[in-house]
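I opened the notebook today to look up a few features of this protein one after another. The sequence and the structure come first, and my entries follow.

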Amino acid sequence: EVVEGDRLVNSVKAMRFAVEEINSDRRLLPGVRLGYNIADTCFQSVDVQTTLHFLSARHLPSPGIPTPATNTDYQPGVPISSNYTSYQPNVIAIIGPASTTITVTIARFLGYFLVPLISYAASGEVLGNRIRFPSFFRTIPNDIKQAEAMALLIQEFGWNWIAAVGSDNEYGRQGINKVVELVTGAGTCVAYQAIIPSSRPELVHMLNEISASVNVTVLFSSRLATERLFRVLTELNVTGKVWIISETVALSEDIARIPGVAAVGTVLGIAIKEGHMEGFREFLAKGAASEPRGSCDQECRRLLAPAGRSAESPEYHVDTRVSYNVYVAVYAMAHALHQLLQCEQDRCYHPRAVYPWQLLSSLKKVRFLLSNETFYFDETGDGPSGFDIVTWQSQGHGIHFQTIGSYLPLTHQLDIDRSLIHWPHNSTYVPVSHCSESCGPGQRRIPRGFHSCCFDCEDCPAGTFRNQSDPYECAACPWWQWSPAQSERCLDRAVQYLSWQNPLTVLLLLAANSGLALTVTISVVFAWQLDSPVVKSAGGRMCFAMLASMLCGFSCVYLFIGKPSTTLCRVQHPIFAISFSLCLSCILVRSFQIVSIFKMASSLPRAYKFWLRYSGPGLFVVLSTALQLTMCVAWLVAEPPSPRTLLTGSIIALDCSTGNVAGLALSFLYIVLLTGACFLLAYIGRDLPENYNEAKFIAFSMTLCFVYYILYMASLVTPTQQVYTSSIRTFLTINSAASVALGYFLPKCYIILFQPQLNTAAHFQSCIAHRRGGSLPDKH
């Protein structure tokens with residue numbers, strides 16, 4: 001095709017243009033002129049023959065090498081020798097060829113003689129082997145860098161479900177395998193990988209498979225295989241896909257002119273980077289009148305003439321990509337010679353001979369500035385140039401190649417202008433190509449099948465979070481943190497305890513202080529009316545022991561406030577249990593005495609007198625309290641309580657442990673037993689004289705205590721309520737003491753203060769007489 005011919009012709013002319021520029025430059029190689037010999041690369045046999053011609057000895061005398069001057073039987077060719085150090089071939093360097101396959105063949109020949117070979121388009125990875133190809137260089141990036149650009153392009157648009165297709169040659173197989181290696185390493189899944197088949201039925205089957213499974217296909221292929229594939233694509237009416245194509249076909253006018261090719265979708269290509277050669281178009285447009293008959297320019301004009309095109313025509317394609325690589329290759333040779341010949345401003349050092357291995361050594365160290373870009377060769381013979389990213393855009397009845405970005409191998413940076421891309425169906429959104437949609441925040445992947453890109457999503461449970469480093473697992477939060485279900489991070493738990501600033505603490509302290517004030521007030525009233533019938537009927541001086549235990553109960557509240565410590569945890573329960581057991585023992589003794597006087601003294605007079613004579617009430621109170629004290633001490637010795645941390649939801653509750661469960665249970669059950677006994681005696685004495693009948697008040701107080709006990713036990717055995725144990729304990733302590741104050745003492749204070757007429761011995765005697773049928777009890 002003519003346009004492909006344009007590029008070939010441009011490559012030749014770019015070489016000539018560079019040579020003429022260098023020869024006219026008085027600073028680069030002053031006094032030295034470069035010459036050239038142009039040969040075509042048609043077939044492998046021709047390429048080998050041409051290479052041997054280039055390697056033939058020059059018609060200059062060389063030590064140990066026969067030449068026409070020393071041997072009249074000399075024939076052109078490559079002489080056999082054990083040492084080619086002083087051997088001078090016809091050329092000291094070669095530029096080209098474009099094909100990797102051809103380059104591999106001739107680079108092996110040239111490597112034996114250390115003749116530098118700079119290719120402008122052979123990108124095969126194998127050529128980077130310095131052992132096999134010690135004299136090879138190139139100005140085009142290798143296929144590994146091209147594969148990197150394709151992989152980054154896929155990552156740029158977030159595609160992770162693709163097809164990968166290569167041509168059936170070394171270029172296609174190695175290239176597509178490298179792309180697959182890179183994309184899978186980055187987390188992209190290859191749903192379909194194949195080599196373009198030679199038969200049409202197999203090709204149709206392959207394209208149907210690709211069309212049905214993915215939206216994005218990577219094509220690393222030769223021009224002929226790609227052209228055949230796109231022709232079948234248009235015949236099958238496959239549309240709306242994304243195709244990422246390699247450098248060999250990214251700018252192919254032949255493929256772009258296939259009827260209906262614009263409908264296949266969006267085509268993104270990797271292209272040789274465009275360069276700037278000032279004056280090159282003018283050089284191409286110069287007339288050939290001054291050229292000798294049969295020259296290269298005249299032959300090129302003859303080839304272009306049938307299409308009605310000439311270098312002066314605006315339709316003539318001026319390639320500045322491959323041609324620029326040729327241009328750079330010539331300048332690299334020139335700068336290497338500049339170093340080798342030790343050129344100065346006006347002259348170069350002219351040795352007797354310049355050998356290829358000397359130029360090769362200089363090429364490895366060459367570094368120069370061309371078109372405002374620094375060029376050099378690395379240790380594998382590759383230059384620093386990158387790629388352009390192009391897209392195919394419909395323009396009238398043809399395809400326009402639009403550059404949309406670039407790839408720089410040195411920085412692994414891909415720069416894309418997305419606004420220049422025309423997506424399928426004129427959409428403004430990037431097409432999606434996924435096996436599974438991405439999981440939402442706080443969800444983990446459940447693999448489906450053997451592809452990592454195919455998965456179901458599941459919410460991370462509470463207490464875990466989605467770890468960004470592992471999308472398949474929900475990591476557990478540290479113990480001091482928590483998370484709700486479907487979380488991406490953990491939150492710090494709130495530390496909870498009865499702090500002094502807590503509103504609940506303020507309410508509990510207000511209640512406790514009110515209880516203390518009430519207890520002190522009751523104590524003052526009872527001390528004032530110590531000898532009155534009401535105080536005597538309540539228990540006399542034993543009431544002060546009850547009031548003292550109530551003061552301890554209300555004061556225990558201060559032991560539950562603040563961060564728990566070992567000391568506080570060990571004294572909280574014992575102080576409450578001992579003091580409240582004392583209070584309940586006094587109530588129990590008082591209830592027993594009243595019942596005994598009115599119901600048991602007449603039937604068991606001797607037992608009642610024995611009870612009174614040997615101080616039964618006081619002895620029972622002491623023994624009962626001592627029993628509770630013993631149980632508390634045994635509890636502390638067996639396993640004392642200690643500060644603990646309870647984790648519930650978003651809370652870290654600081655509390656005291658129960659210590660030895662059996663010891664705590666015995667102590668608590670004993671309090672419950674005393675409470676039950678008080679309630680039973682109150683029920684038995686429900687029909688006693690009104691002045692001695694506290695049954696309903698004691699029963700009410702003990703019922704309240706039972707309710708508090710049930711709440712306390714529930715908090716111990718219910719895991720979700722354990723964080724409130726401190727609050728419930730404090731509430732229990734206050735209300736246990738308050739129930740006795742309100743149910744037992746407050747009614748008596750009311751009589752003393754507001755109904756003094758009922759606080760007389762006569763009134764009490766009348767109530768007793770009324771119960772006995774009108775006669776007063778015998779004083780004896």
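**Entry 1: helix H4**

I began with H4 and found it mostly covered, with 10 of its 14 residues buried (buried means under 20% relative accessible area, exposed over 50%, and partly exposed in between, with a 1.4 Å probe and protein chains only). The model is a predicted one, in which local features need pLDDT of at least 70 and side-chain atom pairs count only at pLDDT 80 or more, while totals for chains, interfaces and linings use all residues. Residues are numbered from 1 along each chain as its sequence is written, and side-chain values use heavy atoms, with hydrogens and water left out.

The buried residues of H4 include Asp 143, Lys 145, Met 150, Leu 153 and Ile 154. Helices (H or I, at least four residues) and strands (E, at least two) are DSSP runs, numbered from the N terminus. I then checked the length: at 1.5 Å a residue, the 14 residues of H4 (residues 143-156) should span 20 Å, and the end C-alpha atoms are 20 Å apart, which agrees; the expected span is 1.5 Å times one less than the number of residues. At the start of H4, a side-chain oxygen of Asn 142 comes to within 3.0 Å of the backbone nitrogen of Ile 144, and just after the helix Gly 158 takes a positive phi of about 70°.

**Entry 2: two polar contacts**

For Ser 419 I noted a place in the loop between strand E13 (413-416) and strand E14 (443-447), where this serine is exposed, with a relative accessible area of 60%. The side chain of Ser 419 makes a polar contact of 2.6 Å with that of Asp 417. A polar contact is a pair of N or O atoms within 3.5 Å; within protein, one must be able to donate a hydrogen and the other to accept it, and residues adjacent in sequence count only if both atoms are side-chain atoms.

Asp 254, found in helix H8 (residues 253-256), counts as buried at 8% relative accessibility, and its side chain is joined to that of Arg 257 by a polar contact of 3.3 Å.

**Entry 3: aromatic rings**

How many aromatic pairs does a search of the whole structure find? I recorded 24, where rings of Phe, Tyr and Trp (its six-membered ring) pair if their centres lie within 6.5 Å, planes under 30 degrees apart counting as stacked, over 60 as edge-to-face and the rest as tilted. One of them is Phe 230 with Trp 392, with ring centres 6.0 Å apart and planes at 35°, so the pair is tilted. This pair links distant parts of the chain, since Phe 230 is in helix H7 (residues 223-236) and Trp 392 in strand E11 (residues 387-395), 162 residues apart. Phe 230 is buried at a relative accessible area of 0%, and Trp 392 is buried at 8%. Trp 392 also forms an edge-to-face pair with Phe 401, at 5.9 Å centre to centre and 70° between the planes.

I also wrote down one aromatic cluster, formed by Phe 17, Phe 280, Phe 283, Tyr 324, Tyr 327 and Tyr 331.

**Entry 4: cysteines**

I turned next to the disulfides, of which the structure holds 7 (a disulfide is a pair of cysteine sulfur atoms within 2.5 Å). Cys 343 and Cys 348 form one of them, with sulfur atoms 1.9 Å apart, and the torsion about their S-S bond is about 110°, so this disulfide is right-handed. Cys 343 is buried at a relative accessible area of 11%, as is Cys 348 at 4%.

A disulfide also joins Cys 435 to Cys 454, S to S 2.0 Å. Cys 435 lies in the loop between E13 and E14 and Cys 454 in the loop between E14 and strand E15 (455-459), so the pair ties together parts that are 19 residues apart in sequence. Cys 435 is partly exposed, with a relative accessible area of 24%, whereas Cys 454 counts as buried at 7%.

For Cys 477 and Cys 490, whose sulfur atoms are 1.9 Å apart, the torsion is about -85°, so the disulfide is left-handed. Both Cys 477 and Cys 490 are buried. Cys 586, by contrast, is in no disulfide, and the nearest cysteine sulfur, that of Cys 583, is 6.8 Å away; Cys 586 is buried at a relative accessible area of 0%.
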